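Please examine the model below with an eye to how its parts pack together. The questions that follow move from single residues to the chain as a whole.

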Amino acid sequence: MNPKLVFWVPAALRMGLILAGVAILWWLFGATPALIVAVIMMGAMVFAQLNYLYQLSDWLDDPQSAKLPDGWGAWTGIFSRLYRLRRDDEKNQAELTEWLARFRQAMHLLPDGVVIMDDVLFLEWCNPAAEAHLGLRNDRDKGMRVTNLIRSPEFMDYIILGRYDQPLTLSFRERKLIVHIIPFENRRQILVTHDVTETERTEMMRRDFIANASHELRTPLTVIVGFLEIAASEDLDAATRMAHLKLMTEQGHRMQHLIEDMLTLSRLESVDHPLRPEKIDTRTLLEQVLRDARALSSGKHEISLEMEDVAVQGNYDELHSAFGNLASNAVRYTPAGGSIRLSWSDSEKGAKFVVEDTGIGISPEHISRLTERFYRVDKSRSRETQGTGLGLAIVKHVLLRHGGNLSIKSEAGKGSSFTVCLPKI
Ligand code: ADP
């Protein structure tokens, strides 16, 4: 039914009834009593309307605690509509609050930084990632100009040029960031930051690795090609030819070692090559390491092994490669006549494998860098002794996969001690 009719028809009916009642009273008792009754009824009606108006104004002042009456006549419809409006409003408010909470949570978890600014770059809000990337603080910096907070000439140029369709690569507070400004709404802008420090570092390591590996391979290859050219152009006597062949074989072996070590490293780093731990026969492993070390030393050093009964688990070949590298380093960096002590023992921190030598030792400034790929203290000595510069990098990766660690103590001219700790079973 038409809402106007719903409002007017009952009101007209009520008025009609009152008028009819007054007319009957007039007819029965005369004009005076009928008029008195009519005034009283009109007064009661006006009072009821005023009372409802008062309650409505009270409710509008404080809709949370004041209560609306059920109402009478047209008021019933008005009050129930107001109730419905309030319920819808509360529902919308709750939905909005929930959305806002979800949005905030998403923004908190986002690894990229988000800064909301007005059209003149005054900070309105930023998420924790932006705080970390740009050194901002939501509570402290709100309302400040972003160009005063991010003090970088590259960033200033980006703002001045205003070429926001292209991102800016920004070096800021020891981070490498990709920064992008996106205008939105009419008078707001979002600044998005993406941290690429780690990606850049990995990319640089990859580039360095390729450059180093190529350099390492080029040296023996140049020697081999040089000898081959001589052999092709000159008539060499048998003794010189043999000497050349021997040198070429040595260089060939060097390349072979290098490639084997690079393949080992790449296998250790590969996610497709997870560790399948098995119980290690430590006696066989350590005796094999001792035998290999003695063979490499060819009797030039005194090499001993002490063993306690401690069980570990892991990959036999990987641990053999790690322990073998440490033992072979001890042999290669200890002058003839020196001694090397291998020991396997139980300790509070786990199973301990120690390789101690009385060799050339290492100065303190090199120690923290020894496990970097191709890092050598003395390049020529490493090459002379068939070193690839990858041995300790392999040790580090094997231990990482086994939950172990390596510690190095050394003194130049006195000797070194390499200690491996592995979790016991
Ligand atoms: P390399 O193949 O050159 O031996 P490593 O990664 O095994 O490569 O070792 C890195 C460097 O650490 C070596 O070049 C050497 O300078 C130093 N080093 C490793 N072990 C010893 C040791 N026992 N005594 C002295 N120096 C060592």
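Q: Which residues does Asn 325 touch, not counting residues up to four places away in sequence?
A: This is a predicted model, in which local features need pLDDT of at least 70 and side-chain atom pairs count only at pLDDT 80 or more, while totals for chains, interfaces and linings use all residues. Residues are numbered from 1 along each chain as its sequence is written, and side-chain values use heavy atoms, with hydrogens and water left out. With contact taken as heavy atoms within 4.5 Å, and with residues up to four places away in sequence not counted, Asn 325 touches Gly 391, Ile 394 and Val 395.

Q: Is Asn 325 buried or exposed?
A: Asn 325 is found in helix H11, residues 316-332, where helices (H or I, at least four residues) and strands (E, at least two) are DSSP runs numbered from the N terminus. Buried means under 20% relative accessible area, exposed over 50% and partly exposed in between, with a 1.4 Å probe and protein chains only. Because its relative accessibility is 15%, Asn 325 counts as buried.

Q: Which elements do the buried residues of H14 pack against?
A: The buried residues of H14 include Gly 391, Ile 394 and Val 395, and these three residues are touched by Asn 325. Since 9 of the 11 residues of H14 are buried, this helix is largely enclosed by the rest of the structure. The packing partners of its buried residues are H9, H11, strand E11 (405-411) and E12.

Q: Within what arc do the buried residues of H10 fall, seen down its axis?
A: Helix H10 (residues 282-297) has 16 residues and reaches 22 Å from its first C-alpha to its last, close to the 22 Å expected at 1.5 Å a residue, where the expected span is 1.5 Å times one less than the number of residues. Its buried residues are Thr 282, Leu 285, Leu 286, Val 289, Leu 290, Ala 293 and Ser 297. They line one face of the helix, because, seen down the axis of H10, they fall within an arc of 135 degrees. The arc is that of the directions from the helix axis to the C-beta atoms, and its value for the buried residues of H10 is 135 degrees.

Q: Which exposed residues does H10 carry on the face turned away from its buried side?
A: The buried residues of H10 pack against strand E7 (302-307), H11, strand E9 (339-347) and strand E10 (350-357). The face turned away from this buried side carries the exposed residues Arg 291 and Ala 295.

Q: How far apart do the C-alpha centres of domain 1 and domain 3 lie?
A: The domain assignment, with bounds from an automatic or database source, gives domain 1 (3-93), domain 2 (110-195), domain 3 (212-269) and domain 4 (278-422). Along its principal axes the C-alpha trace of the protein spans about 155 × 60 × 40 Å. Between the C-alpha centres of domain 1 and domain 3, the distance is 108 Å.

Q: What radius of gyration does the protein have?
A: Taken over C-alpha atoms, the globule rule is 2.2 Å times the number of residues to the power 0.38. A compact globule of 425 residues would have a radius of gyration near 22 Å, but the protein has 44 Å.
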